[in-house]
Amino acid sequence: MGLWRQGDFRPALCLGNRDHSDLPTCATFPIILGENCSAISNQGGVLRVRRGGKMGIYNCRDFIKDIKAHPENYYIIHYSCQNLYDDNEALSPRITSIAITHYATEQTVSFSTHSVAEELGIVRDDVLNSFDKVELSLLQGFYTFVRDRRDKYWVHWNMRNLTYGFEHLEHRYRVLGVKDAPVIPVERRLNLNDLLSDRYGSGYAIHPKLRSLMELNGGIHRHFLTGD
């Protein structure tokens, strides 16, 4: 049991938008954690917090168990961007496509340069001159999709930093003028590479591991791109 000072608490971080102004502003409460962090109450001087399930999964055993039990809670994400050495005016690489698959239904939603440009009425020869507009619309579509699904698990492949990752997507959105990207909590991001390493060891496949996994599981998909 720990101590919680209400003046140090930020409900929006884990309790949604509930109003807790009825709690004393300077009181210190012992905490009892329940199963679902979706509500908070003061019962006899004891602050009871109900959790909305585990915030994160940190090993492959828990991942396999949970994805079998709750496949509807999992999305698989991958994206493409300009190469670091492309002619991108020495700026961070532009986002060119994002694909998301809902694990339970196998339904895929994609946001790509060519489809967005077509929707905006921009002809192929004018895409480069209108790339800011196209990329912004692409990211707006992506973050609209993400906004109501931030409590789900997002399975990815090494999307771990500003060079290539969720932070890169957020950075490009800010560069294009939007400051309030609906961020997926880090506890909800599951790196499949790390999970496989946890179960089988770091040498579970030869480099490049993603391609090797395809070869071990039926062969390279005909639409596979190397990213070179």
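## Strand S5 and its two partners

In this predicted model, strand S5 (residues 74–81) pairs with strand S8 (residues 153–156) in the parallel sense, over 3 bridges. To find this pairing in the viewer, look for Tyr 74, which stands opposite Tyr 153 in S8.

S5 also pairs with strand S6 (residues 95–102), here in the antiparallel sense and over 7 bridges. A handy landmark for this pairing is His 78, which stands opposite Ala 99 in S6.

## A closer look at Ser 97

Let us stay with strand S6, where Ser 97 is found.

As for His 78, it lies 19 residues from Ser 97 in sequence, and the C-alpha to C-alpha distance between the two is 8.6 Å.

## Helix H6 and its buried face

Now to helix H6 (residues 209–216), whose buried residues are Lys 209, Ser 212 and Leu 213. Viewed down the axis of H6, these buried residues fall within an arc of 105 degrees, so they line one face of the helix. Helix H5 (192–200) is included in what covers them.

Just after H6 comes Gly 218, with a positive phi of about 110 degrees.

Conventions: Residues numbered from 1 in each chain as written. Predicted model: local features only at pLDDT ≥ 70, side-chain atom pairs only at ≥ 80, totals over all residues. Heavy atoms only, no water. Pairing = 2+ DSSP bridges. Helix = DSSP H or I, 4+ residues; strand = E, 2+ residues; numbered from the N terminus. Buried < 20%, exposed > 50% of the residue type's maximum accessible area, 1.4 Å probe, protein only. Arc of directions from axis to C-beta. Contact = heavy atoms within 4.5 Å.
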